[in-house]
Amino acid sequence: MSNFIILKKKISQFNKTISISGDKSISIRWVLFASLGSGISKSKNLLMSDDVLAAINAIKKLGIKVKLNKNECKIYGRGFNGYKYKKNLSIDCKNSGTLGRLILGLLINSTSSIKVTGDKSLSKRDFKRISDPLSEFGAKFKLKNFKNLPLKMIGSENLTPIRYSENKGSAQCKSAVIFAGMRTTGTTIIKAKKSRNHTELLCQYLKLPVIIKNKKNYDEIRINKVKKIRAINYNIPSDISSSAFFIALTVLSDNSILIIKNVNINSSRTGIITILKNMGIKIYYKNKKIYKGERVADIKIMSAKSIKAVNCPTNINSKAIDEFLVIFLIAAKAKGVSYFKNLAELNHKESPRLDWGNKILNLMGIKTIKTKDSIKIYGNPNLHINKKIEIKNYLKDHRVFMTSVIAASTFGGNWKIFDKDSIKSSFPNFLKILNELKRQ
Ligand code: S3P
């Protein structure tokens, strides 16, 4: 089967209700927490993507039994100290930064050496941001080029608590330190720049000795030694980051309406909604509820007749960090110049996404000014593409692929987009859902 897609036609108007697969961040965290639980944990709507399957394979290697049955997953936890550390243990985190970073915090009490590997993209990413704080607890690391995978870690049973300032707005760094802090006698204190807080919400739901104080510009998290984690049944809500592609599709299409059911709208994830509202786009929540500490709602989106340019406040950045590629597409159709700044973290994702966002816009004929951490986008409300565009060699970044597909489906042109299988890491159903909307 060819691993590229050719798109030559804009989508026609649609009016539909769809469901999107489970949230990736919550799915991976549920797998990890359940693996430490005492007894059987069950989940529904777990995201069945390569990143989550890599997490399942990781805990299987640690001696945890897992049963997958279509929409249901059962994890047979062996308790907080139940992992079996085999000799020469090697864990392949594939494309998943979340798994690669969080698992190191989970395994920090292992006294035998553990190797962590990843695919080409993950092997280019920064792991020093994790090995630095975990070394302070007492773990020892050997990293390729002092910062990359593959790495080897030897943990310790005598870890000391740390004080840690997380200043990148990285939930992965914060979460790795939370897991490590659970293994020490004494209190680990994190001063964390605001970022997604699914780990903290799970700790609170499980009544673990983790205390969170939400301050205006940062969160203070105090972690004490955990003795036991109970099993946890979870009905995973849909992923707002995956929904973002269909939100953009609707905004940029003509006369269309879309409802996306049961999406996680945790306020640490809804930067895209705030930004789009600032751009004058009609987007609403319906049927709001709270589930295990997480906010969930249906999202209703309508096509935009006109889009206002935005000067994006930097305090929204971490709340929209995975959505900027599609936000840039929407800015491409705005009236005026949009400005996004302090976005150096975007170039630390599965591919250098600030660079790729810029490249896609330029290929579409949109003028931009990019620096190493900012981009100005000169919107064109009448944008219609009439040329051939090829997207390839982007480190198989799933979000680059899906953004290109949305651009092709809304702005026209003749697109050849390589590495179709990249969607398997976060959103295997992406093309199936798109085709259902096209069939309307
Ligand atoms: C994630 C945190 C973010 C995000 C990633 C998922 C998580 O990464 O970009 O897709 O589940 O904790 P950083 O921690 O690098 O910001």
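This is a predicted model: local features need pLDDT of at least 70, side-chain atom pairs count only at pLDDT 80 or more; totals for chains, interfaces and linings use all residues.
Biologist: How do you know that domain 1 and domain 2 are in contact?

Modeller: The cut-off is heavy atoms within 4.5 Å, and 27 residues of domain 1 meet it with 25 residues of domain 2. About 2,200 Å² is buried between domain 1 and domain 2, with 47% of that coming from carbon and sulfur atoms. On the domain 1 side, Glu350, Leu395 and Ser425 lose the most area to domain 2, together 22% of what that side buries.

Biologist: Why is the pair of arginine 129 and glutamate 345 called a salt bridge?

Modeller: A side-chain nitrogen of Lys or Arg has to be within 4 Å of a carboxyl oxygen of Asp or Glu. For arginine 129 and glutamate 345 the closest N and O atoms are 3.0 Å apart, so the pair passes that 4 Å limit. The rule finds three salt bridges across the interface of domain 1 and domain 2, and its count comes to 19 salt bridges.

Biologist: Now the largest pocket: why does it lie between domain 1 and domain 2?

Modeller: Because domain 1 and domain 2 both give residues to its lining. The largest pocket holds about 880 Å³ of space and is lined by 42 residues, with Lys168, Gly169, Lys194, Asn317 and Ser318 nearest its centre. The elements giving two or more residues to that lining are α1 (24–36), α3 (97–106) and α5 (171–181). By type, the lining splits into 20 charged, 17 polar and five nonpolar residues.

Biologist: What makes proline 150 and asparagine 287 worth a look?

Modeller: Most residues other than glycine have a negative phi, and most peptide bonds are trans. The bond from leucine 149 to proline 150 is cis, with omega near -5°, and proline 150 lies in strand β9 (residues 148–154). Asparagine 287, in strand β17 (residues 283–291), has a positive phi of about 50° although it is not a glycine.

Key. Residues are numbered from 1 along each chain as its sequence is written. Side-chain values use heavy atoms; hydrogens and water are left out. On a 1 Å grid over the protein atoms alone, a cavity is a set of points where a 1.4 Å probe fits but cannot get out, and a pocket is an open set with protein on both sides within 12 Å along at least five of seven lines; lining residues have an atom within 4 Å of a point. Grid points are joined across faces, edges and corners, and a volume is the space filled by probe spheres set on the points. Helices (H or I, at least four residues) and strands (E, at least two) are DSSP runs, numbered from the N terminus. Ala, Val, Leu, Ile, Met, Phe, Trp, Tyr, Cys and Pro count as nonpolar, Asp, Glu, Lys and Arg as charged, and the others, Gly among them, as polar. Domain bounds come from an automatic or database domain assignment. Buried area is the accessible area (1.4 Å probe) that two parts lose on being put together, summed over both.
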